[in-house]
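Work through the exercises below with the coordinates open. Each task is followed by a solution in steps.

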Amino acid sequence: MNILCVYGDFFQLDKLRRDIRIIVPDAHIVCCRSPDKAIKRAKEKNCDVLITATAFADLRLDGFSLAEEIMAVNPRADVILLSEQESYMEAYMAFQIFASDFIVRPYEKERLAKAFSKLRCAALS
């Protein structure tokens with residue numbers, strides 16, 4: 001399973017990578033702090049799962065637009081969105097793009113594991 005993690009904050013991205021490594025030990029995990037770099041990586045090597053923040057400071061893409069770009073490359077990609085705030089509008093937008101899950105930060109590792117158990121297309125091995 002190829003997992004693409006996109007988060008603007010280095011420390012949060014590193015924590016996310018470590019948590020995913022525990023949940024899905026055999027996954028190939030690529031981390032990016034920029035949505036533009038993430039799109040480039042997704043085009044080079046297909047991703048099965050995108051985990052991204054819903055918003056990025058001072059960047060042209062948000063997590064929802066990034067998810068749509070990644071899904072254009074791989075329509076079967078599962079998307080897990082991470083938000084800094086509990087927002088009905090963001091939850092609705094996640095539903096609109098067929099995200100597999102919408103998680104409000106800070107998250108518990110168990111909550112992230114539950115998100116992986118609900119993936120629609122990517123198979124956990």
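Axes here are lines fitted to C-alpha atoms, for helices over the stretch in contact, and angles run from 0 to 180 degrees between N-to-C directions. The model is predicted.

**Exercise 1**

Task: Determine how helix 2 is oriented relative to helix 3, and which residues make the contact.

Solution: 
- Step 1. Two packed helices are described by the angle between their axes and the distance between the axes.
- Step 2. For helix 2 (residues 35-44) and helix 3 (residues 63-73), the axes come within 10 Å and cross at roughly 10 degrees.
- Step 3. Angles under 35 degrees count as roughly parallel, so helix 2 is roughly parallel to helix 3.
- Step 4. Helix 2 contributes Pro 35, Ala 38, Ile 39, Ala 42 and Lys 43 to the contact, and helix 3 contributes Leu 66, Glu 69, Ile 70 and Val 73.
- Step 5. Sorted by type, the residues of this contact are 7 nonpolar, no polar and 2 charged.

**Exercise 2**

Task: Give the strand order of the sheet and state which strands stand at the edges.

Solution: 
- Step 1. The sheet is open and has 5 strands in the order 2-1-3-4-5, with parallel pairing.
- Step 2. Strand 2 (28-32) and strand 5 each have a single partner strand, so they stand at the edges and one side of each is left without a neighbour in the sheet.
- Step 3. On average, neighbouring strands of this sheet are turned by 15 degrees against each other, direction ignored.
- Step 4. Inside the order, strand 1 (residues 2-6) pairs with strand 3 (residues 49-53) in the parallel sense over 4 bridges; Leu 4 has Leu 50 of strand 3 as its bridge partner.

**Exercise 3**

Solution: 
- Step 1. Strand 4 (residues 78-83) and strand 5 (residues 101-104) pair in the parallel sense over 4 bridges, and Ser 83 stands opposite Val 104 in strand 5.
- Step 2. Met 89 lies in helix 4. With 54% relative accessibility, Met 89 counts as exposed, the cut-off for exposed being over 50%.

**Exercise 4**

Task: Which strands do helix 3 and helix 5 lie across?

Solution: 
- Step 1. Helix 3 lies across strand 1, strand 3 and strand 4, and runs at about 165 degrees to strand 3.
- Step 2. Helix 5 (residues 109-117) lies across strand 1, strand 3, strand 4 and strand 5, and runs at about 175 degrees to strand 5.

Key: Residues numbered from 1 in each chain as written. Predicted model: local features only at pLDDT ≥ 70, side-chain atom pairs only at ≥ 80, totals over all residues. Heavy atoms only, no water. Helix = DSSP H or I, 4+ residues; strand = E, 2+ residues; numbered from the N terminus. Parallel < 35°, antiparallel > 145°, perpendicular 65-115°, else oblique. Contact = heavy atoms within 4.5 Å. Nonpolar A, V, L, I, M, F, W, Y, C, P; charged D, E, K, R; others polar. Pairing = 2+ DSSP bridges. Buried < 20%, exposed > 50% of the residue type's maximum accessible area, 1.4 Å probe, protein only.
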